[in-house]
Amino acid sequence: MAGAFGAHGLRGMVSDRGLEVFQTAVTYQMYHAIALVLISLLSITGLCRRLLGAAAGFFLVGTLLFSGSLYLLVLTDIRWVGPVTPLGGLCFMVGWALVVAAAIRRSAGK
């Protein structure tokens, strides 16, 4: 829905760069929504649920910070939210590291 809004509803209202930033937010939100579904499926395979739960939390916070700050930036032109975006990216990286750690822990037999 956000992608359609950005592609159709914002055209002519924001700059081409604004549309590009909005699309980036949509893309990362979608990737990490899929990652959350993947985590729920991985949790039934015997991977460490504690690590997967933490990863899910980081993905959720990352989505709110990363995509949310980009949406706000495009829709409101409030510039102070720009520095929040990298914090969301950091949360994404931590989340993925936790997924990898859960897989390594499983393969190591712990």
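**Salt bridges, serines and a helical core**

Student: Which residue forms a salt bridge with Arg79?

Tutor: Arg79 forms a salt bridge with Asp77, and their closest N and O atoms are 3.2 Å apart. The term salt bridge requires a side-chain nitrogen of Lys or Arg within 4 Å of a carboxyl oxygen of Asp or Glu. Side chains of opposite charge can pair when their charged atoms come close.

Student: Before we go on, what kind of model is this?

Tutor: This is a predicted model, in which local features need pLDDT of at least 70 and side-chain atom pairs count only at pLDDT 80 or more, while totals for chains, interfaces and linings use all residues. Residues are numbered from 1 along each chain as its sequence is written, and side-chain values use heavy atoms, with hydrogens and water left out.

Student: Back to Asp77: where is it?

Tutor: Asp77 sits in the loop between helix 3 (49-76) and helix 4 (85-107). Helices are DSSP runs of H or I with at least four residues, strands are runs of E with at least two, and both are numbered from the N terminus. The phi angle of Asp77 is near 60°, a positive value in a residue other than glycine.

Student: How many helices and strands does the chain have?

Tutor: The protein chain has 4 helices and 0 strands, in the order α-α-α-α from the N terminus. Of its 110 residues, 35% count as buried.

Student: Which residues have the most contacts inside the largest nonpolar core?

Tutor: They are Ile39, Leu52, Phe59 and Val99, in a core of 21 residues. Helix 2, helix 3 and helix 4 each give two or more residues to this core, and the largest share, 9 residues, comes from helix 3. A nonpolar core is a set of buried Ala, Val, Leu, Ile, Met, Phe, Trp, Tyr and Cys residues joined through side-chain atoms within 4.5 Å.

Student: What does Phe59 touch, leaving aside neighbours within four places in sequence?

Tutor: Its contacts (heavy atoms within 4.5 Å) include Leu36, Ile39, Trp96 and Val99.

Student: New topic: where is Ser69, and what lies by its side chain?

Tutor: Ser69 is in helix 3 and counts as buried because its relative accessibility is 4%. A polar atom of its side chain lies 3.0 Å from the backbone oxygen of Phe66. Beyond four places in sequence, Ser69 touches Leu64, Val81, Val84 and Thr85.

Student: And where is Ser43?

Tutor: Ser43 is in the loop between helix 2 and helix 3, and is buried because its relative accessible area is 19%. A polar atom of the Ser43 side chain lies 2.7 Å from the backbone oxygen of Ser40. Leaving aside neighbours within four places in sequence, Ser43 is in contact with Arg49 and Leu52.

Methods:
Buried means under 20% relative accessible area, exposed over 50%, partly exposed in between (1.4 Å probe, protein chains only). A polar contact is a pair of N or O atoms within 3.5 Å; within protein, one must be able to donate a hydrogen and the other to accept it, and residues adjacent in sequence count only if both atoms are side-chain atoms.
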